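Subject: The structure we talked about

Hi,

Here is the structure I promised to pass on.

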Amino acid sequence: MTKTLIVVDLQVDFCPGGKLAVAGGDEIVAPINEMMADFDSVILTQDWHPASHTSFADNHPGAMPFSLTQMPYGPQVLWPAHCVIGTPGAEFHPGLDRSRAETVIRKGFRPTIDSYSAFFENDGRTPTGLTGYLRERNLEKLYFVGLAHDFCVAWSALDAIHQGFEVTVIEDATRAIDLNGSRETARIKMREAGISLI
Ligand code: VGL
Ligand code: ZN
């Protein structure tokens, strides 16, 4: 079976110096570039928010970044503004090899709904189209790397396995935000769901 590498959100704002920097985020760029040779297909995802996005603490007067709020679709962490459409922070890390990318899935562009997963937005229902893309191309064996381990990588991997794909997360090629133990919680959920963590 062909192997597909899905590189999640390896963007300037998630790397050191960025607006929502993940510690060590830039360390995984070179290893990911190297491992691309081992895959038949490479897909990139890109967090892509309008400045008015409701996941930004700035858009909730008085709210602190990293606090929790309630959205119509459930609890939502309020983040520092990041990956704003058209800004340098929304670009891929300049060192990331994009030459193999067969498609780029953008997510989080609807102002009132966040999207951690590359498959469904945070309401769990609004599709990005990635499932159909993969199915139509017969890409069933998925490997996830990128940022952040405990948010966009984990949510993507969980949606993928729930839809019947074969899912592996290459943990050395991820880095976590680790908000209130979220890294360990994500690992437990992924293991319980049958995802291979290697
Ligand atoms: C992410 C928080 C907000 C991620 C994206 O890529 O993990 N985390 N937006
Ligand atoms: Zn985001």
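Let me begin in the middle of the protein. The largest nonpolar core has 49 residues, and the members that touch the most others are Ile-6, Val-7, Phe-144, Ala-148 and Ala-157. By nonpolar core I mean a set of buried Ala, Val, Leu, Ile, Met, Phe, Trp, Tyr and Cys residues joined through C-beta atoms within 7 Å. Buried stands for 20 or more other C-beta atoms within 10 Å of a residue's own, exposed for 12 or fewer, and partly exposed for anything in between, with C-beta atoms placed from the backbone. At least two core residues come from each of β1 (3-8), α1 (29-35), β2 (41-47), α2 (130-136), β6 (141-147), α3 (149-162), β7 (166-175) and α4 (182-193). The largest share, eight residues, is supplied by α3. Helices (H or I, at least four residues) and strands (E, at least two) are DSSP runs, numbered from the N terminus. As background, nonpolar side chains in soluble globular proteins tend to be buried together.

Two notes on how to read all this. This is a predicted model, in which local features need pLDDT of at least 70 and side-chain atom pairs count only at pLDDT 80 or more, while totals for chains, interfaces and linings use all residues. Residues are numbered from 1 along each chain as its sequence is written, and chains are lettered from A and ligands numbered from 1 in the order in which they are written.

Helix α3 deserves a look of its own. Of its 14 residues, 12 are buried, among them His-149, Asp-150 and Trp-155. The buried residues of α3 pack against β1, β6, β7 and α4; for contacts, the C-beta atoms of two residues, placed from the backbone, must lie within 7 Å. After the helix comes Gly-164, with a positive phi near 95 degrees.

Beyond its neighbours within four places in sequence, Ala-148 contacts Phe-14, Val-22, Val-153, Arg-175, Ala-176 and Ile-177.

Which residues surround ligand 1? They are Asp-9, Phe-14, Asp-47, Trp-79, Tyr-116, Leu-147, Ala-148, Phe-151 and Cys-152, where a residue counts as near if its C-beta atom, placed from the backbone, lies within 6 Å. This shell has seven nonpolar, no polar and two charged residues. In that count Ala, Val, Leu, Ile, Met, Phe, Trp, Tyr, Cys and Pro are nonpolar, Asp, Glu, Lys and Arg are charged, and the others, Gly among them, are polar.

Asp-9, in the loop between β1 and α1, is not a glycine but has a positive phi of about 50 degrees. Asn-138, in the loop between α2 and β6, has a positive phi of about 65 degrees, again without being a glycine. Are these two buried or exposed? Asp-9 is buried, because 29 other C-beta atoms lie within 10 Å, whereas Asn-138 counts as exposed, because it has 8 C-beta neighbours inside 10 Å.

Finally, the overall picture: the chain has four helices and eight strands, and 42% of its 198 residues are buried.

Best wishes
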